[in-house]
Structure formats: structure tokens, C-alpha cells
Amino acid sequence: MTAIDARPTGRDRLLLVLCGVAVAFAAIDTYVVVLALPDMMAGAGIPVDELQRAAPIVSGFLLGYVAMLPLIGRIADLRGQVPVLAMSLVLFAIGSLVTAISYDLPSMVAGRFLQGVGGGGLVPATMSLVAALYPVERRGLPLGLVSAVQEFGAVLGPLFGAVVLSFTTWRGIFAINLAGGAALLVAVSLLARGGAVRAVAAGSPTPGAGPSARRWGGRLVAVLLLAATVVTGFITFVQPSELQRDLTWGQLFIPYVDGGSRWVTPVGVATIGCSVALLLWCWFVPRALVDLRGWFGHLVAADLLGATLLAAVLGGIVLAFATADPEVAVFSPQGPWFLAGSALALVLLLLHLRHAEDPIVPRGALRATPAWGSLVVSFLVGWALIAALVDIPLFARTTTQQDSQLGAALVLLRFLAALPVGALVGGWLLRRVPAGVLTAVGMAAASASFVAMARWDETSLDGFGSNVPLVLCGLGFGLALAPVNAAILATTDDDTHGLASALVVVARMVGMLVGISALTTIGLRRLYAAQAEDPDLGIRELGIVQEHAVFAGAAVAALAAGLLALLVFARAGTRGVDTAEALRAGG
């Protein structure tokens, strides 16, 4: 696939808007369970005082999101962006359904994992779609938009959860996700069938091919099977009390085996049967709902073994840091074992990449300095970004008399409002400013802002002056998002853009996971040292000392990201053509 030179049509732009909405939807789901976690624990029979047992509900999503990204990105290169977008939405919707009807921890974690796989797949496919629809010199603004909604959505997750919980239970959160994912799937499929998208891999079935009557008949059967699966699944796991108490309908909930699970009840078996029938129908009637034909072949072509080893590498890192308690250690008690498993998988992966005929990371794909440099810069950006997202609200709650989560969120909102503005400006400036310079300026602004935050005292947030570092920090991170993505897309082959986009996101997510654990641990050590020096310090003073150390560490990470970008992006070539030529081309 090669990027096209013509201007994208209105339908192309509408498809990208829908993809951006889908990316934001999935990003919101990353931390949507923060406020709903106690209720979800109760639904799974976990006592509130055993919060650590609920950690897999959060880490399960992150594991699916990060570990499967490279495989999904590679499949997008082989099969085309739109089929992967559609399948990602299907997985996200299925994960939402499983989570909504779950009644125990394993089913919740399985649902969240599927949500993560589907949500994560939307990001590289969308960025690869941008690269396919726009020439190099016109990618900045759409890449900035995608990056902005991804980061903004992740932070809006708790707010979205709070709004939904104000009028329904935690299951309503995932019911809305199911409805939203299904609606987006229909909209994306209709736009693709309308011929809007030219970025479909060679050899993929034409969406609109085949007799119309048979096509619509197949879709109707698929929709009916899907509806039956949803209804029976809801009844199986939610078990409405009205039906359970009924003498006739109550027999549907009696397991065939004494002490058996809900899967072996009549209604559970019906759910399994409907699910299997739906999968078989979609396999043998490929245009019924989603095209399942050829996916196994594409998994093999994408190097399933290499993808599994890479997923093991990333999965070990995610589990080591995502399940950690930063107040105790940088990673969890099982962290050394997880990291040892990652190291072993990495050795096997490197051996595999050397000898595989068509490895998941094609040989030479990241040979260019800007390509591999983008991954390191993205890691450092994530390391610094998490300090803003987590510790700005913590500082606000530490220095205010009231323990107000809303007040802390409003303080962070000043940062968040500036971030998408910076992303748009950064995307627009990419036509005129080299990616390295733009990234360096943005991260220098973020670093200077963190230095200013490291000097805040108890009353700093009361004055108007605190807005300056908050807004400047958001603008700085926004400026850096699009150039990092553009640099790797400009220096990798067109048929590896999906994989390249996935790796950039993975690097940033891993940076955030490692960064929050490392920075929090550094902050706590500084707190303990200050307490030993002056035992009379109060909780508020000690909290400020801790946050100062975190902000200082984030400033170093942001500055390192900017300096590295200045060096490694020198030959990225993200501008592509002369500014005047780009403007004449319809910029």
C-alpha cells in the first residue's frame, strides 16, 4: 500500500472522525473502572478490604491493550486498515458484553482483556489509515487529532464512569460500551462499503461483492444469532430474580451437574450454542457480519509465533508494573518472575527474528534512526506524561482542606484542555518545522513546567499564576505527540505503518507504567528522608515533598525526550515538500 496524493474525500474524513471517536471510546475505557471498582468487586464476591484481588480488572485491560498491539498492527498492514478496525470494534463490543454480564472475577478479567485487545487495535489501524489517506506533508494534523483524543479520552474515563454511575449500576457502563461499539461498527462498515476508503489490502474481499439478497439475508441471520447470544448471555449471568423464582422458568438456572457453574445450566448451554452458531455463520457466510475467512491465514502470515513471543515480553512488563504497589516497591512481589519471563521471551524473540522467513518485525523495518528513536522518545514521553495525569490531581488534593476529587479533577482540566490544542498546533506546524525541533520545543516546555511545579507550595494553586505551568505543560505534551508518530511513519515502509504505529503506542504505554512506579517510589523515598530529617513535618508537608520529587523526575524525563528527539529526528523528513507546494496542493 502506498499513501495517496489526492486529497481525501468527505467520506474519508468522516471515516477518520468515526475512527477518532472509536479511539477516544476505547481510551476512556482504560480507567473507566476506577470509581466503579468497589461495586464490581461486590458483583464478583470480593470484599472491599481485599482491593488487591481486583487489580486484574485494571491490568487485564492494559495487558490486552499493550501485548496484542504489535500483532494487530501487523495484520492491519497485511489485511488492510478497515477490516482490522471492524474486527477491533467487534472484539471491543464482545468484551463489553462479557464484562457487563460477568458475575465472577475470571469473567470480568476475560471481558476486560477482550476490551483491551479491541480498543488497542483501533489505534494503529487508525494511524495507518491516516498514513494511507494522506501524503507525508499532510499527515501532521490528523495524527495530532488521533493522539489528542487518545490521551484526552484516557483521563476522561473516571469522569465518564462517575456520570454513568449517577443513574445506573456499573453494568450500565459496559452496556453503553456495547451499544457504542456496535453503532460505530455499523457506521464504519457502511462508509467502507460506500467506497470511501482506498486503503484496503490487496486480496481482501470487496465489501459490497455478491448478490444483494443473499448478502442481506446472511446479515439478518447473523443479527438474529447475535441478539440471541446477547439475550441468553444476559439471562445466564445476571439471572433476573423474577425468572429464578418462577416455577417453570426457574428450571433454566439449575445446573445439569451438581455444583456446576452457570455455563452448564440450560440457559448457559443455549448461550454457548448461539455463540458457536454465530461464529460458524460468520465463517461460512463471510459478509454476514464480519469477514472471518482468511483471518487465520493472516495470523500465520503476520508471524503468530513471533507475535506470541513479543506479547509475552510486553505482558511480563505490564504485569510486573501494573500490579505493583508503588508505596512498597517499583514492581509487584511477583515482578522479578514476570520480568525474568519477559527476558527469556525476548531472547527467544531475537533468535526467532533472525531466522524467521517473514517475522512480525520485518528485517530493517526500524533500521532508520528516526524509526527506532521514535520508540525511545515515546517511552520517555509516556514516563513524563503519567506524572502530569496522576500527580497534578494528587498535589491538588494534598494542598486543599477538602478531600475533593472533583476539585482535583478541575485543576487537571487546565492541563487537559491545553493538550489537544497543543496536538492540533503541533500537527499543523509539522509542515513548517522539523519533527525533532517541534518535539524538543514541546518537551522543553513540559520540562520547564514540571520545574515550576516542583516549586509549588501549599497556596500555589490558589493563585492565577498556577495556570501558566499547567497550560504550558499541556501545550508542550500536545506539541510532541504528532511529531513522534509522524517521524516513525515517514521513515518506515508503507506496508509496515500499522506495526510502526502500534509500537509507538506500546512504547508510550510501557513508559507510563514504568514511570508511575519509578517516580512514585522516588517520591516516597524523598518523603521518608524528609521525615527522618524533620519528624515534626505534617502529612501535608510530607505530601508536598513527595510530589516535588515526582515533578523533578518528570522534568528530567521530559528534557531527555526533547534532547533525544532533536538528535534522532534530524532526518525524519516529515515535511516532505516545500511549504508553498503543500499549500497549493490543498493544505
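Reply: Start with Phe569. Skipping neighbours within four places in sequence, Phe569 is in contact with Pro370, Gly373, Ser374, Val377, Ala435, Gly436, Thr439, Pro483, Val484 and Ala487. Contact here means heavy atoms within 4.5 Å. One caution: this is a predicted model, where local features need pLDDT of at least 70 and side-chain atom pairs count only at pLDDT 80 or more, while totals for chains, interfaces and linings use all residues. Residues are numbered from 1 along each chain as its sequence is written, and side-chain values use heavy atoms, with hydrogens and water left out.

Me: What makes a set of residues a nonpolar core, and which residues have the most contacts inside the largest one?

Reply: A nonpolar core is a set of buried Ala, Val, Leu, Ile, Met, Phe, Trp, Tyr and Cys residues joined through side-chain atoms within 4.5 Å. Buried means under 20% relative accessible area; exposed is over 50%, and partly exposed is in between (1.4 Å probe, protein chains only). The largest core has 132 residues, and Phe415, Phe450, Phe477 and Phe569 have the most contacts inside it. Helix H19 (residues 497–533) gives the most to this core, with 16 residues. Another core lies apart from it, with 16 residues, including Met41, Ala44, Ile46 and Ala100. In soluble globular proteins, nonpolar side chains tend to be buried together.

Me: How many helices and strands are there, and what makes a run count as one?

Reply: The protein has 21 helices and zero strands. Both are DSSP runs, numbered from the N terminus: helices are H or I with at least four residues, strands are E with at least two.

Me: Why is the pair Arg540 and Glu458 called a salt bridge?

Reply: The rule asks for a side-chain nitrogen of Lys or Arg within 4 Å of a carboxyl oxygen of Asp or Glu. The side chains of Arg540 and Glu458 meet at 3.9 Å, N to O. A search of the whole structure finds one salt bridge. Arg540 lies in helix H20 (residues 539–568), and Glu458 in the loop between helix H17 (435–453) and helix H18 (467–490), so the pair ties together parts 82 residues apart in sequence. Side chains of opposite charge can pair when their charged atoms come close.

Me: Are Arg540 and Gly180 buried or partly exposed, and why?

Reply: Arg540 has 24% relative accessibility, so it counts as partly exposed. Glu458, at 31%, is partly exposed too. Gly180 has 18%, so it counts as buried. Gly180 lies in helix H8 (residues 170–193). Gly180 and Phe92 are 88 residues apart in sequence, and 9.8 Å apart in space, C-alpha to C-alpha.

Me: Is Gly268 buried or exposed, and what does it touch?

Reply: Gly268 is found in helix H11. Its relative accessible area is 0%, so Gly268 is buried. Not counting residues up to four places away in sequence, Gly268 touches Thr236, Arg262 and Trp263.
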